[in-house]
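Thank you all for making time this morning. I would like to walk through one chain with you, beginning with a single residue and ending with the fold as a whole.

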Amino acid sequence: MKLFGLTDTGLVRQNNQDSYAIRQPDESLGIVVVCDGMGGARAGNVASAVGVEAFSSALEESCRQGLPPDPERKQELLKSAVRTANGQIYELAEENPEYFGMGTTLVAALILSNEAYIANVGDSRCYHWSEGMLHQISQDHSVVQALVERGEITPEQARTHPRKNLITRALGTAIGTQIDVFRIDYRAGDKLLLCSDGLTNVVTDDVVSRELALNIAPEDTARALLTLAIEQGAPDNVTVVVAQL
């Protein structure tokens, strides 16, 4: 398992409100998380940074105490870590007027020896690349995704829809939040990509799949994807984490 991530402000924004973390306690255990903050420059930075640190610390501590054998309890560990992050962000916003209304997306993965568990809130994404095929594991919690699901617009129209940045779930904006958790099996040679919408809003899934298919190191793949986003104008912050499994 090889993990690499990077984040960039992009070409338009003045501040980077994205944050990410990679923790690898041993060769068969990896924790990765990406958060995309909102609520003004300073508040967005705080929300994403707190979310990343709170989630990864809580999940790493749970792993240190020993992972349960059954998938349902592993999924609950991720949900518990997300709830911890949500609570810390919410409390900060309640206690500090300058942070009022701040929040963040979250997408995260707990990667084990032959399986991975993914949690997401918001529209940051996790993809699984396997045997030449790219699969989006997470599901966007956004206004445009709801429109797509209702058949009112196509996925192609969603990419340029004026409401594409409106999310329907976030961490820190309420005492509780709904969390999606997924489990996947993987084979040696598969890859996971976790990213903020600063990548997926400007780089298509076909192009992402092409880059992941290349037999290069995760750091080279991550830099290539960032370069592609910048070549498309990078109107938002861009964060990319690649896991070579």
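Which residues does isoleucine 184 touch, if we leave out those up to four places away in sequence? Before I answer, please keep in mind that what you see is a predicted model. Isoleucine 184 touches Glu115, Ala116, Ile118, His128, Ile137 and Leu192, with residues up to four places away in sequence not counted. The residue sits in strand 9, which covers residues 180-185, and isoleucine 184 counts as buried because its relative accessibility is 9%, where the limit for that class is under 20%. As for alanine 170, which is 14 residues from isoleucine 184 along the chain, the two C-alpha atoms are separated by 24 Å.

Setting aside residues up to four places away in sequence, aspartate 180 touches Ile118, Ala119, Asn120, His141 and Arg169. Ile118 is therefore on the contact lists of both isoleucine 184 and aspartate 180, given the cut-off of heavy atoms within 4.5 Å. Between aspartate 180 and aspartate 123, which are 57 residues apart along the chain, the C-alpha separation is 12 Å.

Now to helix 6, residues 205-213, whose buried residues are Val208, Ser209, Glu211 and Leu212. These four cover an arc of only 165 degrees around the axis, and so they lie on the same side of helix 6. What do the buried residues of helix 6 pack against? Their partners are strand 7 (125-130), strand 8 (133-136), strand 10 (191-195), helix 7 (218-231) and strand 11 (238-244).

In the loop between strand 7 and strand 8 we find glutamate 131, which has a positive phi of about 50 degrees although it is not a glycine. Alanine 234, in the loop between helix 7 and strand 11, also has a positive phi, near 35 degrees, and is likewise a residue other than glycine. Are these two residues buried or exposed? Glutamate 131 counts as exposed, at 58% relative accessibility, whereas alanine 234 is buried, with a relative accessible area of 0%.

For an intermediate case, consider alanine 146 in helix 3, residues 143-149, which is partly exposed with a relative accessible area of 24%. Alanine 146 and threonine 168 are 22 residues apart in sequence, and their C-alpha atoms are 9.2 Å apart in space.

Finally, let me step back to the whole chain, which has seven helices and eleven strands. Its radius of gyration is 17 Å, close to the 18 Å that the globule rule gives for 245 residues, so the chain is as compact as a globular protein of that length. Of those 245 residues, 51% count as buried, and among contacts with a separation of 6 or more, 71% come from residues 24 or more positions apart. The chain exposes about 11,000 Å², of which carbon and sulfur atoms supply 47%. As for charge, there are 20 positive and 33 negative side chains, and the centres of the two sets lie 1 Å apart.

Key
Residues numbered from 1 in each chain as written. Predicted model: local features only at pLDDT ≥ 70, side-chain atom pairs only at ≥ 80, totals over all residues. Heavy atoms only, no water. Helix = DSSP H or I, 4+ residues; strand = E, 2+ residues; numbered from the N terminus. Rg over C-alpha atoms; globule rule 2.2 N^0.38 Å. Buried < 20%, exposed > 50% of the residue type's maximum accessible area, 1.4 Å probe, protein only. Areas by Shrake-Rupley, 256 points an atom, 1.4 Å probe, with all protein chains shown as cover. Lys, Arg positive; Asp, Glu negative; His and termini not counted. Charge placed at Lys NZ, Arg CZ, Asp CG, Glu CD. Arc of directions from axis to C-beta.
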